[in-house]
Amino acid sequence: RAPARPAWKVKVDELVEGLQVGVSVREAGQFLYRHADKVRRTPASNQKLLLATALLDRLGPDLRIPILARANIVEPGGVIPGNLWIIGRGDPHVGPNNLGDLAEEIADAGITRVRGSVKGATTYFARDWWARGWKPYFPDEYIPLPSALTYLGNVDGGRHIKNPERRAARELTAQLRAVGISVGGPADAGEPPPGLQQIAAVRSPPLIVLLQNMLSHSINFSAEVLGKRLGVDRYGIPGTISKGARAIAGWVARMGSRAIAYDGSGLSYANGVAPAGIARMLGVVEELPWGDDLMAALPGPGQGTLTYRLAGVPVRAKTGTLTDRSALSGWVYLQETGTWAEFSIISKGLPVSRAKDL
């Protein structure tokens, strides 16, 4: 006689019956619960969880992304006869503080005057601002331009702007003058010439800190900037949204699953991954050196996108929401075994409020 099905499984069976919902719960290499979990569905912002794992695998949690100051030559007395270039490498959080630190580093390097202008480099990433499966209004409303040199989230007065590099150059110009370095020309942006020498650099916080911010608040801009950075590391310059997506799909494939990926943020309705694939991937990840770092970077109840959800539940998870799409994936603590189980729930065709309640 077969043992009775546990009450919690019966309850979940009843909740998902007749709905387009995939549920996968896994621990110690074994699936504890499965419902339609091999069906690929749109992960929405659970795509950011796939991106984060691919970045940590490729670059490691301690990577610090630089902002570089370079020039052609430096004359005696610390004079740059031409332009001073700011070159970004995909830090999504550049602002006045970073550029103030860079100005001080430039002064410490002995620079006293820039005869030309401060110019922001528009290279390293392509200017692509679109992915298959995005709604036409997404670049205007949900995702600023993912550039290699960013400035204040590439937003100005609530508008997504096309010239963040010039704004960064304008800010550094002011910061240089504030520390006593004269600058001759107006700030500008463009493609830097070859053969520049490095004058100074500042670096971002560790990658895991950047990912914690991205995951906790589900920041689309950070995801696409870091996705392009992943694309550069995997497939070379220039970074593009599609290269980042291809790197994500490749990483998931190495984990024994399959993902259809067109972006890093999860805005694309054309993305697809099965809950079983996410759960299996997380099971591998938790055994890797950075697995605990990733779990700690995910929000718990009352934090980030879980601010008003799952109170009292021992869970660390990434949310995902698009119109009639909802997802939640991560780890939940099992009282019986005293261990963390990986899980993934992805739904389609439900109002967001109902999906969250379920």
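**Entry 1: L294 and the cores.** I began at L294, which touches L49, A52, T53, L56, I208, L215, V285 and W331 once residues up to four places away in sequence are left out. I note here that the model is predicted, and I read each entry with that in mind. I then asked which residues touch the most other members of the largest nonpolar core, and found L55, L211, M214, L226, W251 and L294 among its 40 residues. The elements that give two or more residues to this core are α2 (47-59), α6 (207-217), α7 (220-235), α8 (241-254), α9 (275-285), α10 (291-297) and β16 (325-334). The largest share of the core comes from α2, which supplies 8 residues. Apart from this core lies another, of 26 residues, and I listed A103, I111, L149 and A200 among its members. As a general remark, nonpolar side chains tend to be buried together in soluble globular proteins.

**Entry 2: S265.** I next looked up S265, which sits in the loop between β13 (259-260) and β14 (272-273). Is S265 buried or exposed? Its relative accessible area is 0%, and because buried means under 20%, I recorded S265 as buried. Its side chain makes a polar contact with the side chain of D263 at 3.4 Å, and the side chain of S265 also reaches the backbone nitrogen of L267 at 3.3 Å. Leaving aside neighbours within four places in sequence, I found S265 in contact with A44, S45, Q47, K48, W134, N220, A223 and E224.

**Entry 3: helix α5.** I checked the length of α5 (residues 164-178), whose 15 residues at 1.5 Å a residue should span 21 Å; the end C-alpha atoms are 21 Å apart, so the two values agree. The buried residues of α5 are P164, E165, R167, A168, A169, E171, L172, T173, Q175 and L176. I then traced what these buried residues pack against, and noted β5 (84-88), α3 (96-108), β7 (118-121), β8 (155-156), β10 and β11 (188-190). Just after α5, G180 takes a positive phi of about 95°.

**Entry 4: the sheet with β10.** Three strands, in the order β4-β6-β10, form an open sheet with parallel pairing. The edge strands are β4 (79-80) and β10 (182-183), each of which pairs on one side only. Strand β6 (residues 113-114) runs parallel to β10 and is joined to β10 by 2 bridges. Which residue of β10 stands opposite V114? I found V183 in that position.

Note on methods
Residues numbered from 1 in each chain as written. Predicted model: local features only at pLDDT ≥ 70, side-chain atom pairs only at ≥ 80, totals over all residues. Heavy atoms only, no water. Pairing = 2+ DSSP bridges. Helix = DSSP H or I, 4+ residues; strand = E, 2+ residues; numbered from the N terminus. Core = buried A, V, L, I, M, F, W, Y, C linked by side-chain atoms within 4.5 Å. Buried < 20%, exposed > 50% of the residue type's maximum accessible area, 1.4 Å probe, protein only. Contact = heavy atoms within 4.5 Å. Polar contact = N/O pair within 3.5 Å; in protein donor to acceptor, adjacent residues only side chain to side chain. Expected span 1.5 Å × (residues − 1).
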